[in-house]
Amino acid sequence: MVPQKQAEEAIVPGNMNENDHQVEEEAEDIHPRLSFKSLVWHGGSVYDAWFSCASNQVAQVLLTLPYSFSQLGMLSGVILQVFYGLLGSWTAYLISVLYVEYRTRKEKENVSFKNHIIQWFEVLDGLLGPQWKAVGLAFNCTFLLFGSVIQLIACASNIYYINDRIWSFLGLGMTSYTAWYLTIAAFVHGQVEGVTHSGPTKMVLYFTGATNILYTFGGHAVTVEIMHAMWKPQKFKYIYLLATTYVFTLTIPSAAAVYWAFGDQLLTHSNAFSLLPRTGFRDAAVILMLIHQFITFGFACTPLYFVWEKVLGVHDTKSICLRALARLPVVIPIWFLAIIFPFFGPINSAVGAFLVSFTVYIIPALAHMLTYRKASARQNAAEKPPFFLPSWTGMYLVNTFVVLWVFVVGFGFGGWASMTNFIKQVDTFGLFAKCYQCKPPPAKH
């Protein structure tokens, strides 16, 4: 227990001195401020980290889950959501453990992180060496790049369903509103005439849907950045699981309800908005999702900005203008790729199979096993195995299962299925499609 206690005491973000940390701790733990500001933003608290994880985990993918249910069937859709939600929470836990280990070791060497944001590839570099750094950097940056592309595609897909006069709406619970709108609107609408629920019918569709759900709960590419902003990063350990538990209350009811109402029609409508009648409630949901997608776009882009700034050597500068100019080259390829491949839904599965599988599931599990492969490393670990799995053998068994399952099912079968489906979309709609799966405009008389 001694190394764990030392780790908790050692980890204080570099941009806060000890007095500031104590003041914030008192404000958080002893005398919480009952103000609107404290409810929405309280700095580096557990609440802020939970909010960041929950909002970053589910955005546009909420609209594609009914599409996945039509590919998987109701039972498989629910089971796989819970399964991948727990799997994603486990690897987020592993990432938090490795971050604490890395930072503890560095702070014992008197390394300062003032004006420096720790990122996942730096954790891999510090614990496992430059080769792991290169692998982690390649997968993470590519995943974040395409994650940003997906948010832009989702924005374009949703803008189609509102008129041009409505652009701004601000409120809390954007995703929550949209999820419950989908649920209630589907039940109010009722089942369409002759509705059928034939899924699963084809292996390619089944594994495409399964990989989209794998992608859904793989939203912790920015976990390290969220932890670094916390006053006590060690408290992050179970935050992602709590965030995922809340996300279940949004994703499962909404996907099940829309699939119940429209059935197999969803196989050709990857955006759930496209099947629901236009009302003020739907317009509000579309606007809220647009706002959320722009926020998530920022979440995904920010780590890319940091990496690019470090490459150019301007990450530690205090000049906002210089850093803003340095970030421009990051945005251009994101917009270009979003315009080329506007395949809202199928692109999620492709990114899930080829990027999320490694970035979010396989690499953290392997990195954890290799970091603690020696008895001395396990003995001096800053974080011991969790209370529900108190042995290192159990940790290694779970990590081995994660690596094998995701490699075979997520990357193997999922990669085959998602690429088959993606190529089909290119053949059907072509590149630079003006409006993917949109209804044709009414004929002019």
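How many aromatic pairs does the structure hold? The answer is 23, where rings of Phe, Tyr and Trp (its six-membered ring) pair if their centres lie within 6.5 Å. This is a predicted model, in which local features need pLDDT of at least 70 and side-chain atom pairs count only at pLDDT 80 or more, while totals for chains, interfaces and linings use all residues. Residues are numbered from 1 along each chain as its sequence is written, and side-chain values use heavy atoms, with hydrogens and water left out.

**View A. Phe-83 meets Phe-401.** The two ring centres are 6.4 Å apart with planes at 85 degrees, so the pair is edge-to-face (planes over 60 degrees apart; under 30 is stacked, the rest tilted). Helix 6 (residues 74-108) supplies Phe-83 and helix 17 (residues 392-429) supplies Phe-401, 318 residues apart; helices are DSSP runs of H or I, at least four residues, numbered from the N terminus. Phe-83 is partly exposed at 23% relative accessibility, as is Phe-401 at 39% (buried is under 20%, exposed over 50%, partly exposed in between; 1.4 Å probe, protein chains only).

**View B. Phe-139 stacks with Phe-358.** Here the centres lie 4.9 Å apart and the planes meet at 20 degrees, so this pair is stacked. Phe-139 sits in helix 8 (residues 130-159) and Phe-358 in helix 15 (residues 346-371). Phe-139 is partly exposed at 24%, whereas Phe-358 is buried at 15%.

**View C. Cys-301 in helix 13.** Take a look at Cys-301, buried with a relative accessible area of 1%.

Terms used:
Helices (H or I, at least four residues) and strands (E, at least two) are DSSP runs, numbered from the N terminus.
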